[in-house]
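Thanks, everyone. I'll keep this short. Please have a look at the model first.

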Amino acid sequence: FSLLCTLAFQAQAANNFAKDQLVAWCIVPFDAAKRGPSARAEMLKRLGLKRVAYDWREQHVKEFEEEILQYKKHGLEFFAFWSVHEAAFALFEKHKLHPQIWLTVPSPKADSQEARVTAAAKALLPLVERTKKLDCKLGLYNHGGWAGSPETMIQVCQKLRDQGHTHVGIVWNFHHGHDYIENWPEVFQQLLPYLHCLNIN
């Protein structure tokens with residue numbers, strides 16, 4: 001599975017790799033052992049990891065609540081949730097959870113970069129408002145293409161922040177960002193003010 005590093009901007013860089021700063025990611029749909037909620041929570045506890053970003057597929061929906069209960073039982077933080085599902089959102093309210101919600105930026109068609117960014121931000125607004133109401137951060141997640149370029153993600157994020165939605169940020173995934181490795185120091189500085197998480201896959 002992948003690990004993500006939550007960014008402690010005031011700390012030394014090394015502190016970002018401390019176990020209490022790391023978040024397990026992609027441990028549900030890509031687990032060769034196909035563990036269930038209980039075994040998964042026990043594995044994380046054994047590894048000394050305390051935070052989980054929950055990726056899922058349709059077959060895992062029936063396990064959503066058990067996953068939450070097992071994390072509580074083992075002292076794990078339900079740190080983030082991939083995409084949107086009504087059953088999950090209802091459970092977040094029931095269990096008083098406020099995970100980050102991660103989603104790729106939409107890719108609308110338009111005649112210019114500015115028009116596409118405006119359309120993408122507008123398409124995200126219902127989720128932006130909903131996550132704010134739930135007291136959840138919204139993380140725009142790169143998955144390649146126009147929507148996954150740093151320029152686009154920053155512009156969409158800034159447009160939403162300019163409208164007062166300061167809970168919106170970026171989750172940068174190296175697995176989908178190989179094209180930016182050569183000039184990463186420059187890209188990182190551009191992304192830094194917006195970063196919620198950094199995938200160190």
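Start with a definition: buried means under 20% relative accessible area, exposed means over 50%, and partly exposed is in between, with a 1.4 Å probe and protein chains only. Ser 38 is at 30%, so Ser 38 counts as partly exposed.

Quick ground rules. The model is predicted: local features need pLDDT of at least 70, side-chain atom pairs count only at pLDDT 80 or more, and totals for chains, interfaces and linings use all residues. Numbering runs from 1 along each chain as its sequence is written, and side-chain values use heavy atoms, with hydrogens and water left out.

Back to Ser 38. It sits in helix α1, residues 37–47. Helices here are DSSP runs of H or I, at least four residues, numbered from the N terminus. Beyond its neighbours within four places in sequence, Ser 38 is in contact with Gln 70 and His 74. Contact means heavy atoms within 4.5 Å.

Now the helix pair. The axes of α4 (residues 113–133) and α5 (residues 150–162) come within 9 Å and cross at roughly 55°. Axes are lines fitted to C-alpha atoms over the stretch in contact, and angles run from 0 to 180 degrees between N-to-C directions. Leu 124 and Leu 125 are among the α4 residues there; Val 156 and Leu 160 are among those of α5.

Last, the core. The largest nonpolar core has 64 residues. That is a set of buried Ala, Val, Leu, Ile, Met, Phe, Trp, Tyr and Cys residues joined through side-chain atoms within 4.5 Å. Phe 81, Phe 92, Trp 102 and Val 156 have the most contacts inside it. The largest share, 6 residues, comes from α4.

Note on methods: Helices (H or I, at least four residues) and strands (E, at least two) are DSSP runs, numbered from the N terminus.
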